[in-house]
Amino acid sequence: MRTAYSVETVRAAERELMARLPEGALMQRAAAGLAAACGQLMRRVYGSRVVLLVGSGDNGGDALYAGARLARRGAGVAAVLLSPERTHAGGLEALRRAGGRTVRPGDAEELIGSADLVVDGIVGIGGKGGLRADAAPLASLVADTRAAVVAVDLPSGVEADSGEVRGAAIRADLTVTFGTHKPGLLIDPAREYAGSVRLVDIGLELPVEAELEALQHADVAALLPVPGGESDKYRRGVVGIAAGSARYPGAAVLAVAGALRGGAGAVRYVGPAGDAVISRFPETLVSDKGPREAGRVQAWVVGPGAGDDASAVGEVLGADVPVLLDADGLRLAEPDAVRRRTAPTLMTPHAGEAAALLGVSREEVEGARLFFARELAGRYAATVLLKGSTTLVADAGGGAVRVNPTGTAWLATAGSGDVLSGLAGSLLAAGLSAVDAGSAAAYLHGLAGRFAADGAPVGAHDVAAAIPGAWRDVRG
């Protein structure tokens, strides 16, 4: 599992470690890791042209010390000093001793244009609100260069704790981060600026509970239910699907597909699309009555393609089993009815649906995904799976937010969310918590999207068909 910690937590851990180490030792650890990563990125170090963008903080010091190491290996290193009077003195001296030179920002254009490598050490993890006016032009120069761009700890101009980008920022090909991931390296829009991320261990001792968690194969494999010798269809979990309408029968078919591929022992379908469902999936238990009369289930999925019929949503919210609310169900659900529930509730909005529920714009949600995922979970006393380029799973009770690392743009296709809802519903019915069901479903869904697409356009039905392959891949 990859974890990310807040700036406050990282700084506290750094202070504790620095108190036990000789002065400057921690920065030397970081600079050594940074220089090694830079060297591996370049075709050759000797004779290469390296430009350091150096701010006034420790990030600038890291860049200078790393630049000194590269200069000693034969690179031509020039440091652009944004605040010469506040530049890290030790790092600057080390660079000059190694043969590096310094220049003012006004001389940066030609240097960056001819560089093989640009190292971004302008702003550290405490930066807020984008690059300042004196540094912003450098972001434009870096965007136009053919050089490889390496960010020190975090791309300058992005916000470490939130993943927000509120102004000009450096776009890196590689970010070398120290001690732990920072939330902004895992969450869009900041994640798009980070490029590949390499973690350098500098010996920080961090708390058990992180700010963010990104599950990996082994973590998801440990969550997935596996039938035993005594299992039957009821013990494996029965999930109810209340979805579809005369206008959107396909939503019901796709949600059922996701549930069946997700390992449900049985699927009960309730709604007006019964004929379409049974023609595709004859194993489905179809009912022409409401959810209350459909029979026993261990979880409900309600809302995909439901249109304007709120009756099923109200019945499902009154059930004493886990409920997943998606699509039209999010709009039709009474907020107080959601908040009153004692059984788990998992809401799965995309940014537009979350914005409507919160009374803000879609652009606001997309620009501050972590904040609004937590906000929505708190308002509805529910677990929220905020879909998007980086899917987040936040629980109303707080704790680490889960960020899904397997997403792909190929999943931006009609019906993909319906498949995800059925898949997550099957895991709820199998007994997973709302956070675990949402996290594991998003992970499998992302893998299935990658497997199905393989670089080519796909439909939601292809994604559903690829879920068993994703499941096998995770379990090895």
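Trainee: Where is the place of Ala-327?
Mentor: This is a predicted model: local features need pLDDT of at least 70, side-chain atom pairs count only at pLDDT 80 or more, and totals for chains, interfaces and linings use all residues. Residues are numbered from 1 along each chain as its sequence is written, and side-chain values use heavy atoms, with hydrogens and water left out. Helices (H or I, at least four residues) and strands (E, at least two) are DSSP runs, numbered from the N terminus. Ala-327 sits in the loop between β14 (323-325) and α12 (328-332).

Trainee: Does Ala-327 count as buried or exposed?
Mentor: Buried means under 20% relative accessible area, exposed over 50%, partly exposed in between (1.4 Å probe, protein chains only). Ala-327 has 19% relative accessibility, so it counts as buried.

Trainee: Which value does phi of Ala-327 take?
Mentor: Ala-327 is not a glycine, yet its phi is positive. The value is near 50°.

Trainee: What is the relative accessible area of Ala-381?
Mentor: Ala-381 lies in the loop between α16 and β16. Its phi is positive, about 50°, although it is not a glycine. Ala-381 is partly exposed because its relative accessible area is 45%.

Trainee: Which residue in β18 is the bridge partner of Val-393?
Mentor: β17 (residues 392-394) and β18 (residues 401-403) pair in the antiparallel sense, over two bridges. In β18, Val-393 is partnered by Arg-402.

Trainee: Why is α3 roughly parallel to α4, and at what angle do they pack?
Mentor: α3 (residues 58-72) and α4 (residues 89-97) have axes 8 Å apart. Angles under 35 degrees count as roughly parallel, over 145 as roughly antiparallel, 65 to 115 as roughly perpendicular and the rest as oblique. The helices therefore count as roughly parallel. Their packing angle is about 15°.

Trainee: Which residues of α4 make the contact?
Mentor: On the α3 side, Leu-64, Tyr-65, Gly-67 and Ala-68 take part. On the α4 side, the residues are Gly-90, Gly-91, Leu-92, Ala-94 and Leu-95.

Trainee: How far apart are the end C-alpha atoms of helix α17?
Mentor: The expected span of a helix is 1.5 Å times one less than its number of residues. For the 14 residues of α17 (residues 416-429), that gives 20 Å. All this helix is covered, as 14 of its 14 residues are buried. The distance between its end C-alpha atoms agrees with the expected span: 20 Å.

Trainee: What is omega of the cis peptide bond that joins Asp-188 and Pro-189?
Mentor: Pro-189 is found in the loop between β7 (174-178) and α7 (191-194). The bond joining Asp-188 to Pro-189 is cis, with omega of about 5°.

Note on methods:
Two strands pair if DSSP finds at least two bridges between them. Axes are lines fitted to C-alpha atoms, for helices over the stretch in contact, and angles run from 0 to 180 degrees between N-to-C directions. Contact means heavy atoms within 4.5 Å.
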